[in-house]
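Please have the model open as you read.

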Amino acid sequence: MQVILRQIGDCNIRRAAQSDLISVMEINLKTLPEHYSDYFYESLLQELPEAFLVAEINGKIVGYEMCKTEFGFSNFKKLGFVKKGHVVSIAVLDEYRKKGIGKALVEESVIGVKNRNCDEFYLEVRCSNTDAVRLYEKLGFVIRQELNAYYRDGESAYLMAVELN
């Protein structure tokens with residue numbers, strides 16, 4: 001049984017299931033230039049199911065977000081070593097964008113990583129993706145660093161992070 005975490009109109013946000021992974025991979029292929037192996041998706045689903053989420057409308061997966069946890073230097077404290085949630089990938093099919101789905105996915109994933117006692121949550125986003133940068137800023141993320149030539153095509157990324165308290 002799938003538990004709906006949130007509804008936005010006719011869209012349900014829920015945890016991903018193994019049976020959703022093919023749809024998630026298809027969305028990734030259609031919307032993003034970065035792609036991953038089947039095993040990578042499976043491993044993230046096993047590692048952090050609380051923050052591997054899908055957006056579904058009438059039985060069709062239209063968006064997803066997958067995250068992981070890690071330990072590393074704080075994005076906020078000078079010498080801090082903390083547990084962090086990391087947004088590995090998030091995407092919504094073009095025809096379903098600007099409907100609040102991406103926002104809901106991020107908000108629900110914050111809850112998921114908080115449940116894993118993470119101190120911070122961070123992501124990388126293309127500097128040219130101004131819509132996403134604005135969305136993350138509205139959700140409390142701040143630009144902490146510019147990562148030059150971060151992506152395979154040479155584009156730079158912003159590292160954006162939020163403290164979880």
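This is a predicted model: local features need pLDDT of at least 70, side-chain atom pairs count only at pLDDT 80 or more; totals for chains, interfaces and linings use all residues.

Buried residues have under 20% relative accessible area and exposed ones over 50%, with partly exposed in between (1.4 Å probe, protein chains only). Residues are numbered from 1 along each chain as its sequence is written, and side-chain values use heavy atoms, with hydrogens and water left out.

**Helix H1**

- Helices (H or I, at least four residues) and strands (E, at least two) are DSSP runs, numbered from the N terminus.
- H1 spans residues 21-31, and its buried residues are Leu21, Val24, Met25, Ile27, Asn28 and Thr31.
- These residues sit on the same side of H1, because they cover an arc of only 160° around the axis; the arc is that of the directions from the helix axis to the C-beta atoms.
- Helix H2 (38-47), strand S3 (53-57), strand S4 (60-73) and S5 are what the buried residues of H1 pack against.

**The largest nonpolar core**

- A nonpolar core is a set of buried Ala, Val, Leu, Ile, Met, Phe, Trp, Tyr and Cys residues joined through side-chain atoms within 4.5 Å.
- The largest one has 46 residues, and those touching the most other members are Phe52, Ile101, Phe121, Tyr136 and Phe141.
- Helix H3 (residues 101-115) gives the most to this core, namely six residues.
- Contact here means heavy atoms within 4.5 Å.
- Beyond residues up to four places away in sequence, Ile101 touches Ile8, Cys11, Ile13, Ala55, Ile57, Val62, Val92 and Tyr96.

**Val113 in helix H3**

- Val113 lies in H3 and counts as buried because its relative accessibility is 0%.
- With neighbours within four places in sequence left aside, the contacts of Val113 are Leu48, Ala51, Gly85, Cys118, Phe121 and Leu164.
- From Val113 to Lys30 the C-alpha to C-alpha distance is 27 Å, and the two are 83 residues apart in sequence.

- Ala132, Val133 and Tyr136 are the buried residues of H4.
- Seen down the axis of H4, they fall within an arc of 100°, so they line one face of the helix.
- Their cover includes S5, H3, S6, strand S7 (142-147) and strand S8 (157-163).
- After H4 comes Gly140, with a positive phi near 100°.
- Val125, in strand S6, is buried, with a relative accessible area of 4%.
- Leaving aside neighbours within four places in sequence, Val125 is in contact with Ala132, Val133 and Tyr136, and also with Tyr151, Ser156, Ala157, Tyr158 and Met160.
- Val125 and Leu159 are 34 residues apart in sequence, yet their C-alpha atoms are 6.7 Å apart in space.

**The largest pocket**

- On a 1 Å grid over the protein atoms alone, a pocket is an open set of points where a 1.4 Å probe fits, with protein on both sides within 12 Å along at least five of seven lines; lining residues have an atom within 4 Å of a point.
- The largest pocket has a volume of about 1200 Å³, where grid points are joined across faces, edges and corners and the volume is the space filled by probe spheres set on the points.
- Its lining has 37 residues, and Leu32, Ile90, Asn129, Ala132 and Tyr136 are the closest to its centre.
- Strand S5 (81-92), H3, strand S6 (120-126) and helix H4 (130-138) each supply at least two lining residues, and S5 gives the most, with seven.
- By class, the lining has 18 nonpolar, seven polar and twelve charged residues.
- In that count, Ala, Val, Leu, Ile, Met, Phe, Trp, Tyr, Cys and Pro are nonpolar, Asp, Glu, Lys and Arg charged, and the others, Gly among them, polar.

**Loops and an exposed phenylalanine**

- Asn58 is not a glycine, but has a positive phi of about 50°; this residue lies in the loop between S3 and S4 and is exposed, at 72% relative accessibility.
- Ala149, also not a glycine, has a positive phi of about 50° and lies in the loop between S7 and S8.
- Phe71, in strand S4, is exposed, with a relative accessible area of 59%.
- Apart from neighbours within four places in sequence, Phe71 is in contact with Phe81, Val82 and Lys83.
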